[in-house]
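Here is a friendly walk through a protein model, one feature at a time. Have a look at it first, then read on.

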Amino acid sequence: MPAKNGEGKLIKKLLSFIRPIHIPESVKNRKREVLLHIGDVSTWGYPYIKRLIKKIKPDVLVHTGDLADEYKVGRLSEHIPPYKKAVPKLLKIMEKYAIEVYIVPGNNDLEDFITENITKSKIVQANTVIDIYGIPFLLCHRVMDIDGDAEFYLYGHGPTGDTHNFYKPENGKVFSNVFYAPAVIFLKDKSYVGLKNYNGGMHK
């Protein structure tokens with residue numbers, strides 16, 4: 001929900017500018033193609049996300065939905081104006097600092113509006129398997145909607161119904177829930193690492 005206390009939201013945004021970004025050495029010293037998975041981003045977290053993307057400079061950026069997470073445009077019409085004001089800012093950040101961008105609209109996104117405001121990003125429907133550097137990725141917004149076969153499953157939305165563990169592959173399949181934290185995947189050797197997010201959380 002939008003912050004009832006404007007001061008609290010301002011403090012969060014200021015923290016987003018200064019919060020340390022923890023980038024593992026394997027990511028800093030990368031000599032391999034990198035995919036960065038983000039999603040469920042609140043507007044106060046945009047400064048952090050911008051800094052994160054600039055530091056990593058991903059070859060591929062995947063956003064699995066809810067581009068302005070505090071605005072519930074799926075059910076509250078009064079949230080539409082602030083959503084439309086905020087989202088183009090994030091789209092510009094993603095397209096400026098990543099080579100390829102894939103976006104899976106979430107349950108609180110306006111797909112037509114996103115489409116009108118992108119230049120190079122590709123819209124991907126939830127539960128779609130796409131080939132990225134020869135690796136099958138299933139992109140989704142919610143874990144309960146996953147129904148397909150891939151090597152990597154990228155999604156978010158929240159923890160409800162998620163029994164997967166990022167650090168424990170299941171029959172060689174890796175599940176990344178960005179609700180816990182962003183993730184980096186090295187596309188040449190299929191290795192991966194979880195990052196701390198702007199809330200301080202880590203992949204479980």
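## The cavity

Tyr-155, Asp-162, His-164, Asn-165, Phe-166, Phe-175, Asn-177, Tyr-180, His-203 and Lys-204 line the largest cavity. A cavity here is a set of points, on a 1 Å grid over the protein atoms alone, where a 1.4 Å probe fits but cannot get out, and lining residues have an atom within 4 Å of a point. The largest cavity holds about 30 Å³ of space, and the structure has 1 cavity of 30 Å³ or more. A volume is the space filled by probe spheres set on the points, with grid points joined across faces, edges and corners.

Sorted by class, the lining has 4 nonpolar, 4 polar and 2 charged residues. For that count, Ala, Val, Leu, Ile, Met, Phe, Trp, Tyr, Cys and Pro are nonpolar, Asp, Glu, Lys and Arg are charged, and the others, Gly among them, are polar.

## Where this comes from

Keep in mind that this is a predicted model: local features need pLDDT of at least 70, side-chain atom pairs count only at pLDDT 80 or more, and totals for chains, interfaces and linings use all residues. Residues are numbered from 1 along each chain as its sequence is written, and side-chain values use heavy atoms, with hydrogens and water left out.

## Aromatic pairs

There are 7 aromatic pairs in the structure. Rings of Phe, Tyr and Trp (its six-membered ring) pair if their centres lie within 6.5 Å; planes under 30 degrees apart count as stacked, over 60 as edge-to-face and the rest as tilted. Tyr-153 and Phe-175 are stacked, because their ring centres are 4.4 Å apart and their planes sit at 10 degrees. This pair links distant parts of the chain, 22 residues apart: Tyr-153 is in strand E7 (residues 152-156) and Phe-175 in strand E8 (residues 174-177). Helices (H or I, at least four residues) and strands (E, at least two) are DSSP runs, numbered from the N terminus. Tyr-153 and Phe-175 are both buried, where buried means under 20% relative accessible area, exposed over 50% and partly exposed in between (1.4 Å probe, protein chains only).

Phe-166, one of the cavity-lining residues, forms an edge-to-face pair with Tyr-192, at 5.0 Å centre to centre and 70 degrees between the planes. Phe-166 is in the loop between E7 and E8 and Tyr-192 in strand E10 (residues 192-194), so the pair ties together parts 26 residues apart in sequence. Phe-166 is buried, at 2% relative accessible area, whereas Tyr-192 is partly exposed at 24%.

## The nonpolar cores

How many residues are in the largest nonpolar core? It has 34, and Leu-36, Leu-52, Ile-56, Met-94 and Val-184 have the most contacts inside it. A nonpolar core is a set of buried Ala, Val, Leu, Ile, Met, Phe, Trp, Tyr and Cys residues joined through side-chain atoms within 4.5 Å. Elements supplying at least two residues each include strand E1 (34-38), helix H3 (46-56) and helix H4 (80-97). H4 gives the most, with 7 residues. Apart from this core lies another, of 18 residues, among them Val-62, Tyr-102, Leu-139 and Leu-187.

Lys-57 is not a glycine, yet has a positive phi of about 50 degrees. Lys-57 lies in the loop between H3 and strand E2 (60-63) and is exposed, at 52% relative accessible area. Tyr-133, also not a glycine, has a positive phi of about 55 degrees. Tyr-133 sits in the loop between strand E5 (128-132) and E6, and is partly exposed at 41%.

Notes
On a 1 Å grid over the protein atoms alone, a cavity is a set of points where a 1.4 Å probe fits but cannot get out, and a pocket is an open set with protein on both sides within 12 Å along at least five of seven lines; lining residues have an atom within 4 Å of a point.
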